[in-house]
Amino acid sequence: MASDLDNFGYFTRPTLSQFEGLLPFDTLPLYALVHELIYLQGDNASNWSADRVMKEHPEFMNLSTSNDEPIYFTGEMIYPSMFTSYAELRPLAATASILSRMSHWPTLYDETQLANNTVPVYASAYMDDMYVSFDLAMATAKKIKGCKYFVTNTMYHDAISHAGRSEELFRQLFQLRDDCLD
């Protein structure tokens with residue numbers, strides 16, 4: 001990636017293809033379909049939140065270093081154009097559009113129920129994850145009665161899906177379960 005920017009001032013098609021290969025749309029198209037929806041509650045519609053915010057911040061549209069402007073990455077965002085650009089998502093375009101306009105969602109958490117929880121809960125919190133706020137994750141975990149959590153700065157929120165990381169994550173969570181020093 002750096003050599004593309006150094007040599008050409010932009011990302012070449014082979015580099016962009018490598019980025020595309022990291023996206024799970026061919027095997028996990030529902031990820032794109034519900035990505036913004038999982039955060040909604042009440043009478044709010046996503047209305048393609050990432051797309052709307054992107055338009056408010058044109059600096060994120062810069063894909064070239066030839067103008068001496070920095071390149072900003074957006075992370076795990078989903079845009080309406082992806083439902084026409086990716087063959088795997090095209091059949092879901094109409095559904096995605098309908099879902100983006102839906103505005104009646106249930107409450108995400110029943111905080112009273114979480115405070116009265118009687119089921120063992122073991123969670124992980126990732127200190128340096130750029131996608132999940134550590135402070136918010138910890139505040140949520142602390143609302144769950146009896147929740148035990150593993151805090152790490154060596155993994156990220158997707159650790160469960162990575163070979164090597166998932167084994168360590170489960171080892172840590174099972175250690176929380178087996179701890180008899182309560």
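Modeller: Let us start with Phe60, which touches Met54, Tyr72, Phe73 and Thr74, leaving aside residues up to four places away in sequence; contact means heavy atoms within 4.5 Å. This is a predicted model, where local features need pLDDT of at least 70, side-chain atom pairs count only at pLDDT 80 or more, and totals for chains, interfaces and linings use all residues. Residues are numbered from 1 along each chain as its sequence is written, and side-chain values use heavy atoms, with hydrogens and water left out.

Biologist: Where is Phe60 found?

Modeller: Phe60 is in the loop between helix H4 (49-56) and helix H5 (82-85). Helices are DSSP runs of H or I with at least four residues, strands are runs of E with at least two, and both are numbered from the N terminus.

Biologist: Which residues of H4 are buried?

Modeller: Buried means under 20% relative accessible area, exposed over 50%, and partly exposed in between, with a 1.4 Å probe and protein chains only. In H4, Ala50, Asp51 and Met54 are buried. Down the axis of H4 they fall within an arc of 100°, so they line one face of the helix; the arc is that of the directions from the helix axis to the C-beta atoms. Lys55 and Glu56 are exposed, on the face of H4 turned away from its buried side.

Biologist: And is Phe60 buried, exposed or partly exposed?

Modeller: Phe60 counts as partly exposed because its relative accessibility is 26%.
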